[in-house]
Amino acid sequence: MSVVYKKSKLLTDTPFHYCPGCAHGIAHKLVAETLEELGQEGNVIGIAPVGCAVFAYNYFNCDMQQAAHGRAPAVATGVKSVYPDKTVFAYQGDGDLASIGMAEIVHAAARGTNITVVFINNAIYGMTGGQMAPTTLEGQKSTTCVYGRKPEINGSPIKVAELLATLDGPSYIARCALDTVKNIRAAKAAVKKAFQNQLDGKGFSLVELLSSCPTNWHMSPLEAMKFVGGEMTKIYPLGVFKNID
Amino acid sequence: MSEKKLMKGNEAIAEAAVRGGCRYYFGYPITPQNEIPEYMSWRLPEVGGVFIQAESEISAINMVYGAAGAGGRSMTSSSSPGVSLKQEGISYICGAELPCVIINMVRGGPGLGGIQPAQSDYFQAVKGGGHGDYKMLVYGPATVQEAVDIVYGAFDKAEQYRLPVMILGDGMLGQIMEAVTLPEMRKPGDIKVPEWATVGTHTGADRKIINSLYIEPDVLEALNRTLYARYAAMSEAETMVEEYRVSDAEVIITAYGTVARIAKSTVDILRAAGVKAGLIRPITLYPFPSATYRAAAKKRSVKEFITVELSMGQMVEDVRLAVNGKKPVKFYGRSGGNVMTPEDIARFVTEGK
Ligand SMILES: Cc1ncc(C[n+]2csc(CCOP(=O)(O)OP(=O)(O)O)c2C)c(N)n1
Ligand code: SF4
C-alpha cells in the first residue's frame, strides 16, 4: 500500500481546537507543509498571536514564542536578530495585525525584516466573540456594530496587502483565499513563495489569507466559505501586490 | 583588561552592558537617556551584536521579549513616559520568565512631565507597573561606577532568576561625567545559551515554547508560587544596602540613587554641627533592605527616620512598612525636576521644613 497523503511533520499530534469550518486549520496545514517541503524541520521559530490562533504554539512542531496582542512582528524581529539563519514566522489575525498591532506590522515591513507573516483576515474578532475588526466589511454585522458596519461611524475596511505594498521594505505581498480547492492551492504556492523569499534573504514577506469564521458570522461552514469567495473577495481582491526579484 | 576612563553615565552604562555580554539592544529615543541607544547603535555592530531603533517603546520591549526568548542577552532603555509604554511587555516577560535588562533614566511626571531628574517611578518599578503578580530585580545606583558594576553583572542575575533586572537611574546619573573603571569584556564562551531558549532546532518533545498563557487556574497559580519562591530566594541573596555613620546615629536619613549622594553630604554637615546623623542607602530597591531599617528602628539611640526623594513620597512607604511604627518616619521631597541641596535636607532635619 502506498501512502498518498499524510499529515505534515511540522504539525504536532495535538488536535486543533478550532470550530468546524474555520479556516485557521487550513492555514496551519499550508504553513506546516510548506516548511516541511522547504526542508525547514528543525530550523524554525514561530510566533503565535493573541486571537483564536493563540494556541498555535501547541500545533506547530517547532520552537514557538507566544506574543502579546499585536506584537508578533516585534517579537519575530527580536528572534531574527539573534538567529538570522533560522526561518522565523509570525501568524496573526486581523484584530491582532491590523488594529492593535498596526504599528508593529508596518514597521517590520518598512524595515524589510527578513521574516514571513501569515495574516488571517476573517473580518471579525473570533476569540473574543465576534466584535468588529478593522477588516469587517461595510454592512457586515458584528456584536459591536449590530446594525452592520457603517463607514460614517466605524470607518472603512483596511486593506492590509495593498497598504503594506506601498512600502519599499517588503519583498513579497500577496492575498489569497481559503475557500475553494483551487484557491487553497494558490494560497499554498503564495505561502511557499513567501518562505522561499526569507530563505533567499530577500526580506519581509506577507501572505494575507481570506478566511472563514462560521461561528461568529452565524453561518454554516458552507455558507461561510461562500461568503469568503463571494463577498470578501469583492473588497479584498486576490493577487500579488508586491514581488521584487 | 579593565581600564579607567572619564565617561558620561549613559555611555558608561551602555559600555558596561556590552562588556557584560549584551548583544541585542532595542530602544526608542527619549531624553535623558538618548546616549544609550546612540552609543549602542555603533558599539554593538563592532562586537557582532544588533541594534534596532524600534518604532515605539512597545515594540522595543517586545523585540527584547523575542531576542531574550531566543537566548540572546538583550536590553532596552528609556525614560519614564517610555517605560510606561513598556509595562505590557515587562508583564509578559515576567510571565514568560525571560531574562533581560531594562534601564529607566527617570524624569519628572505625570504625563509628559519634564526632562529633569526625578524618582517618581519608584512605585512603578518595585510594585509592579504592569498587570499581574510579578517583581523585577531593581537597582538604584548612586554613582556611575556603581551603575557600571551593577549593569555588568545584571545579565547573569537576570538569567539566574529568569526575570528582568531594572536599573532605576535618573537624569543626573545619565548625564554626569565621572571617572570609571570599566570591567573586562566577557568572553563569548563564558556566556551559555539557556536550555529553555527557542533556538529553532527543537522538534517533538524537545520543543521550546516561550509563553505566558496558562488557561488552567491551578497551573497559573503554580507559576505564581514558583515566581514568588524565586523572589524570596532573591531577597535572601541579592539585597544590597549601604550604611553611613549609622552606628551612633540619632537621625537616620534615607535616600537612594543620586539623592543619596546629596544626603551623604547632609550627614557630614549635620555631624559637623553636632547632630548625630546617619544614612541608610538602599542599593536594591526590590528586594528592599527592610531588615536594615528594622534593626535601626529597634535601637534606642535612633530617634527618627527622614526619607528624602525626588518625588512626592514613594519609597517612604516601604520605609514606614519596615520601621512599622517603632519610630517616626518623616518625608522630605522635591519634584518636577527640582533637586534639593545638602543644606535643604539639613534644614529639614533641624527645623522640620
Ligand atoms: C491588550 C489586549 N487587548 C485585548 C485583548 C483581547 N483579545 C483577545 S483576542 C482579540 C481579538 C482577536 O481577533 P483577531 O486578531 O481577528 O483573531 P481571530 O480570533 O479572529 O483569529 C482580543 C481583542 C487582549 N488579549 N489583549
Ligand atoms: S471563533 Fe471563528 S476564528 Fe475562532 S476558531 Fe471559531 S471559527 Fe475559527
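A salt bridge is taken here as a side-chain nitrogen of Lys or Arg within 4 Å of a carboxyl oxygen of Asp or Glu. The model is predicted, with local features needing pLDDT of at least 70 and side-chain atom pairs pLDDT 80 or more, whereas totals for chains, interfaces and linings use all residues. Residues are numbered from 1 along each chain as its sequence is written, chains are lettered from A in the order in which they are written, and side-chain values use heavy atoms, without hydrogens or water.

**View 1. Salt bridges between chain A and chain B.** The rule finds 2 salt bridges across this interface; in one of them, Arg111(A) joins Glu55(B), with the closest N and O atoms 2.8 Å apart.

**View 2. The contact between the chains.** Chain A contributes 34 residues and chain B 36 residues, contact meaning heavy atoms within 4.5 Å. About 2,700 Å² is buried between chain A and chain B, 55% of it from carbon and sulfur atoms (accessible area, 1.4 Å probe, lost on putting the two parts together and summed over both).

View 3. Strands β2(A) and β9 (residues 209-210) of chain B run parallel and are joined by 2 bridges (strands are DSSP runs of E, at least two residues; pairing needs at least two DSSP bridges). Gln65(A) has Ile210(B) as its bridge partner in β9(B).

**View 4. The open sheet of chain B.** Its 7 strands follow the order β3-β2-β4-β5-β7-β6-β13, with mixed pairing. Because β3 (50-53) and β13 (284-286) of chain B stand at the edges with a single partner strand each, one side of each is left without a neighbour in the sheet. Strand β2 (residues 24-27) of chain B pairs with β3(B) in the parallel sense over 4 bridges, and Tyr25(B) stands opposite Phe51(B) in β3(B).
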